[in-house]
Amino acid sequence: MADITLNGEVRNEFGKGAARRMRVAQMIPATIYAGGDEPTFVKLPAKETTLALRHTNALFEINFGSEKKMAVVKDVQKNPVKRTVEHVDFYEVKAGEKIVVNVPVFVEGTPKGAAVAFVDMQEIALKADVANLPERLTVSVDGLMDGAKVLLKDVVLPEGSELAEADLEEPVVTVTVPEGDDASTEDEAEATEAAE
């Protein structure tokens with residue numbers, strides 16, 4: 001089932017003037033694309049839509065008139081200054097369909113010593129069922145030493161998901177001691193010796 005339901009209206013006005021009027025009325029213009037079919041044009045409530053867009057890879061149920069469509073976000077256009085949402089492109093999906101989505105990578109845990117975890121791949125492309133799209137991927141670096149790498153093939157995937165990336169040997173997270181930390185440790189050691 002859909003994660004988020006938005007109730008909108010059919011949009012039959014186009015162009016900058018119409019978009020401005022919609023924004024004044026607290027509505028956001030949106031387009032729902034469906035493969036080779038003609039796209040559907042709707043307008044959605046600004047506040048609810050903006051809040052809903054905070055969820056990565058959410059499945060939307062969009063109601064308009066007597067129709068409803070299941071869709072995922074394809075693209076969001078924001079005002080470069082105000083950062084307000086100006087337009088949303090959705091891609092229509094069907095129940096049981098598997099699609100490829102980009103899932104953000106997060107790191108948890110603490111590496112050993114002065115080592116720090118660096119995320120090499122900010123997002124990983126996964127193929128998953130539209131009813132179970134992952135919002136994030138968590139990679140544990142707990143206890144990893146300087147020089148350790150977590151490769152794409154080592155990442156634990158959410159149930160029902162599969163990798164859409166080709167190179168399984170590509171590093172997702174690298175654990176390393178930042179430059180400068182070694183030198184300061186040596187200086188401290190020398191200072192201690194001199195004091196003794």
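Tutor: Buried means under 20% relative accessible area, exposed over 50%, and partly exposed in between, with a 1.4 Å probe and protein chains only. This is a predicted model, in which local features need pLDDT of at least 70 and side-chain atom pairs count only at pLDDT 80 or more, whereas totals for chains, interfaces and linings use all residues. Residues are numbered from 1 along each chain as its sequence is written, and side-chain values use heavy atoms, with hydrogens and water left out.

Student: Why is Arg83 called exposed?

Tutor: Its relative accessibility is 52%, and the cut-off is over 50%, so Arg83 counts as exposed. Arg83 lies in the loop between strand S5 (67-78) and strand S6 (85-92); helices (H or I, at least four residues) and strands (E, at least two) are DSSP runs, numbered from the N terminus.

Student: Why is Asn57 called buried?

Tutor: Its value is 17%, and the limit is under 20%, therefore Asn57 counts as buried. Asn57 is in the loop between helix H2 (46-52) and strand S4 (60-64).

Student: What is the phi of Asn57, and what is that of Arg83?

Tutor: Asn57, although not a glycine, has a positive phi of about 55 degrees. For Arg83, also not a glycine, phi is positive at about 65 degrees.

Student: What makes a set of residues a nonpolar core?

Tutor: Its members are buried Ala, Val, Leu, Ile, Met, Phe, Trp, Tyr and Cys residues joined through side-chain atoms within 4.5 Å. The largest such core here has 24 residues, and Ile99, Ile124, Val139, Val155 and Val172 have the most contacts inside it. Strand S7 gives the most to this core, with 4 residues.
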